[in-house]
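Dear colleague,

I am handing over the structure below, together with an account of what was found in it. Please read the notes with the coordinates open beside them.

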Amino acid sequence: MALNKSTDGPGQFRAADGSQFEVTADGSLSLLALGYRGLMAWRAKRIEVADLKGKAPKKQ
Amino acid sequence: MKRKVLVIGWDAADWKAIDPLMDQGLMPNLERLVNSGVRGRMATLDPPLSPMLWTSIATGKRPYKHGILGFTELAPDGKTVRPVTNAHRKVKAIWNILTQEGAKTHVLGWWPSHPAEPINGIMVSNFYQRASRPMSEPWPMMPGTVHPPELREHFAKLRIHPAELTAAHIAPFVPDFAKVNQDKEKALENLARILADCSTVQAAATWVLEEQPWDLMCVYFDAIDHFAHGFMKFNPPRRPHIPEREYELFKGVMTAGYRYHDLMLGRLLELAGEDATVMLISDHGFHPDHLRPLALPKEPAGPAREHSPFGIFCLKGPGIKKDALIHGAGLLDVTPTLLALFGLPVARDMDGRPLMDVFEERPVPKVIDSWENEEGECGMHPRNAAAEAFSEMDREALQQLVELGYIDDPGPEPEKASIKTVRENRYYLAKAYLDGGKREEGIAELRELFKEAPDQARYGRELVGALLRSAQLAEARTAYDHLLAECEKEHERLRAEELAKEDGKDKGTFTVAPGLRVLGSSVLMAEGRHQEALAVIEQLVLLPRFADPLQAQLARTLGAMGRWPRALDAYRNALRHDPQDVHAHHGAGVAAMRTGDLGVATEHLHDALALRFDLPYVHYHLGECYFQLKEYERALQAFTVCLRIEPGIERARRKVAEIQQLLGLPETEGTGIPQTPTIPEEEIITVVSGLPRSGTSMMMQALVAGGAVPFTDDQRPADASNPNGYFEHAAVKGMAKDARFLALARGKTIKVVAPLLPFLPPRFRYRIVFMERDMHEVLGSQDTMLGRKSSRGPKNAFRVGLHDAYTKQLAAVDRWEKANPNAEVVRVSYAHVIADPADEMARVQVALGGKLDVAAMARAVEPALYRTKA
């Protein structure tokens, strides 16, 4: 799971080989293991999904 | 090139659990780290309690030097208990030394590190990650958690609340999580908390690595230990006492936990960069196999019984060997090794040493006396400031320790809890003293503890064990009998309680706990009651539960009796039970050597060294094996390593000299063997020994004439057999039971007959002048003496039985000499002394340090007293 340091926006990571890495609202262990960038991307995705549903999750 | 070092701590990680996972390709990042660097086991310390261990790792010092002594401590009010902080750490940690040297240093989550120290970098304390309230409520951060304080809000946002986690996080650990009744079972809640905690630390660590300059970064994860205490019992294979349902639910937790750590490791390695030096360590292991205890003792820190004695050590980086194994690493070596990596001096007051075998080219480490005296801002809290800065007890952290079983619930009576805490920490201090070889300090503390709280059997058990190891037999016996009486009292109380119950049944007399009986057998052994000791052990090994765990004890008992073939069998059984039992490998090596199977002996001794390289006597015995095999170069190497580790083993030094002579090699210089440490003359006890009537009184008289100070009470007057006096002390006769008086004999010369030599306690250093005389003359002289004393005594009759008994005693002395490196023995022929007193006394004088008057010694010999001739 070699991911570079940048995100292409909430819910996406670009892996070292250029492929996209999908971030879901449920999250995953892989995202947590990435550390703060994974955490931020997951939280952003949750907000995005909640906004779509019209209900924002509580921010940390 | 400037070195960057990332130190990652995985509490309780164990190769026994990791290797099968790596073999299956389930931990690819760790495998990459191992393949690109060195790996080895890391020996833990006793007691294996994490706050003490991680502080020893960070300071290179034992607990009695660094001051962290348990899981809890007293708050500044002196009345309440709180989780341990860094307030009582008395010495600099590696991050303080590097701060002093101007290096950018970050520390995350280290245990204990609250309140965060003002180092040259970021410190986030171990109280950072714990969520103490529901997610719907505010989550305040305890004051002192983050240095510098301006980063406090930033780090607060990186915390993950357990309630944030979803099924996607839990399912890899417990695929059938839906079957867990969360109203009744706390397992998933605990799992989520552990996962959230370590992910919080990972989030903080990755931010620091990405966003901050760094030279040293230390990050600590406690999750493997916490997963293991909760779920290792469910790890495959299932044991009969584990319910099938729970087993099926939780059998994958440990594997998932390790795999998650591997994922986190991968990210840390990536962020650290290819050129970084990375060290991955654990403070102890955790049995994943048949060595998992069936039950834990109901005592504080009881869960530590689940720990195994070897943690992990990995290191990779520029100038570090690749795909290599190292042996003999201990956690005290971490800080000295880090200092060597940074090219900084190692301090003599540290208890560890740099692991030089990790380097492709061994650097020559600089050495200073102590970093404590080096001036400069090091980022430590001013004395007492840390204690006061943290006045609010973190009940949540305390509760976690209670839940893990490490401490008892303080309950509603804080003062009682504070007394317990102080006592408990003194117990850990005593154990740390014993582990560090400071027996007298440890025994002194245990004596007090057992006096204060005789109901605490573990204080008594530890005291008896320590007294036995320091040969204080009389006190060991008294303490053991006391311990037994206390246990019987407790049994009576339990029985009365049982009878008082409404439907209580009389369960009859409680039996003495097997552990206590094993200890009793050790007391018997020390008292020379070998057969009785053996009977106890042989009875216990018949019980299926103890058949395997007691094999090593059985082997030791048999070995002490000289029954080497049976001892070897028992050691082999012990090793089938625990292949990592280093002492069983050592014992098996010695037993095989004594039975003449030198090939098997060397194999076992090498196995012992692969586990722990720092044991000098294993090297010594390996040297002995090679010497017997006439493989002198290998023997020389083994004796040399033995002396590098423990320069005081005189016997190894003599073997080195002997081999050098055999091989025609130059003397010790240049072989890297340190000089013999100078032991002050006033610390050495000179002992004159031999069979009765072998010339010991004559030798005493000669030494005294030459200037030696005798240790004698002059109670036995001179008589016709010894017209110049006996030079004896009555206390020697009781030495088998109480040898404490020997402390008064330091710097003096004492007479001890041969059968009592094995009772000389190992804590003193001895020079022994051993008189050898023809056995017929000895027996004849004794007969003459007895004949003079009593008309009923036998006269001039050679007695076969006594001859055999004395021959056995001399053999026992030989065995004792071989096993006791704290004694230098010079053997003196009685006949030579009579024939050429000046020559023989000159030899004795050299052996005793060269300060006696040889002429006076020689003059004191009166050949006229040589009356019984063979």
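B:Pro148 sits in the loop of chain B that runs between strand E7 (146–147) and helix H6 (152–157), where helices (H or I, at least four residues) and strands (E, at least two) are DSSP runs, numbered from the N terminus. The peptide bond that joins B:His147 to B:Pro148 is cis, with omega at about 0 degrees. A cis peptide bond also joins B:Asp46 and B:Pro47, again with omega at about 0 degrees, and B:Pro47 belongs to the loop between strand E2 (37–43) and helix H3 (50–59) of chain B.

Before going further, please keep in mind that this is a predicted model, in which local features need pLDDT of at least 70 and side-chain atom pairs count only at pLDDT 80 or more, while totals for chains, interfaces and linings use all residues. Residues are numbered from 1 along each chain as its sequence is written, chains are lettered from A and ligands numbered from 1 in the order in which they are written, and side-chain values use heavy atoms, with hydrogens and water left out.

Two alanines in chain B deserve a look at their backbone angles. B:Ala12, although it is not a glycine, has a positive phi of about 75 degrees, and its place is in the loop between strand E1 (5–10) and helix H1 (15–23) of chain B. With 0% relative accessibility, B:Ala12 counts as buried, a term that means under 20% relative accessible area, as against exposed for over 50% and partly exposed in between (1.4 Å probe, protein chains only). B:Ala301 also has a positive phi, near 65 degrees, and lies in the loop between strand E10 (285–286) and strand E11 (307–308) of chain B; its relative accessibility is 10%, so B:Ala301 counts as buried.

B:Asn126 is found in the loop between strand E6 (123–124) and E7 of chain B, and it counts as buried because its relative accessible area is 13%. Its side chain reaches the backbone nitrogen of B:Ser113 at 3.0 Å, and a polar atom of the side chain of B:Asn126 lies 3.4 Å from the backbone nitrogen of B:His114. Once neighbours within four places in sequence are left aside, the residues in contact (heavy atoms within 4.5 Å) with B:Asn126 are B:Gly109, B:Trp110, B:Trp111, B:Pro112, B:Ser113 and B:His114.

Further along chain B, four strands form an open sheet in the order E18-E17-E19-E20, with parallel pairing; two strands pair if DSSP finds at least two bridges between them. Strand E18 (749–751) and strand E20 (823–829) are the edge strands of this sheet, each pairing on one side only. Neighbouring strands are turned against each other by 20 degrees on average, direction ignored, with axes taken as lines fitted to C-alpha atoms, for helices over the stretch in contact, and angles running from 0 to 180 degrees between N-to-C directions. Strand E19 (residues 765–772) and E20(B) pair in the parallel sense over seven bridges, and B:Val769 has B:Val826 of E20(B) as its bridge partner. Helix H29 (residues 696–705) of chain B lies across strand E17 (684–690), E18, E19 and E20, and runs at about 145 degrees to E17(B).

Turning to the two chains together, 29 residues of chain B are in contact with 23 residues of chain A. The two chains bury about 2100 Å² between them, 60% of it on carbon and sulfur atoms, where buried area is the accessible area (1.4 Å probe) that two parts lose on being put together, summed over both. Of the area that chain B buries against chain A, B:Glu164, B:His169 and B:Arg267 supply 25%, more than any other three residues. The rule finds four salt bridges across this interface, a salt bridge being a side-chain nitrogen of Lys or Arg within 4 Å of a carboxyl oxygen of Asp or Glu. One of them joins the side chains of A:Arg43 and B:Glu164 (2.9 Å, N to O). On the side of chain B that touches chain A, the elements that give two or more residues are helix H7 (167–170), helix H8 (187–211) and helix H11 (253–272), and H8(B) contributes the largest share, eight residues.

Chain A itself has two helices and three strands, which follow the pattern β-β-β-α-α along the sequence. Of its 60 residues, 35% count as buried.

With best wishes

Methods. Polar contact = N/O pair within 3.5 Å; in protein donor to acceptor, adjacent residues only side chain to side chain.
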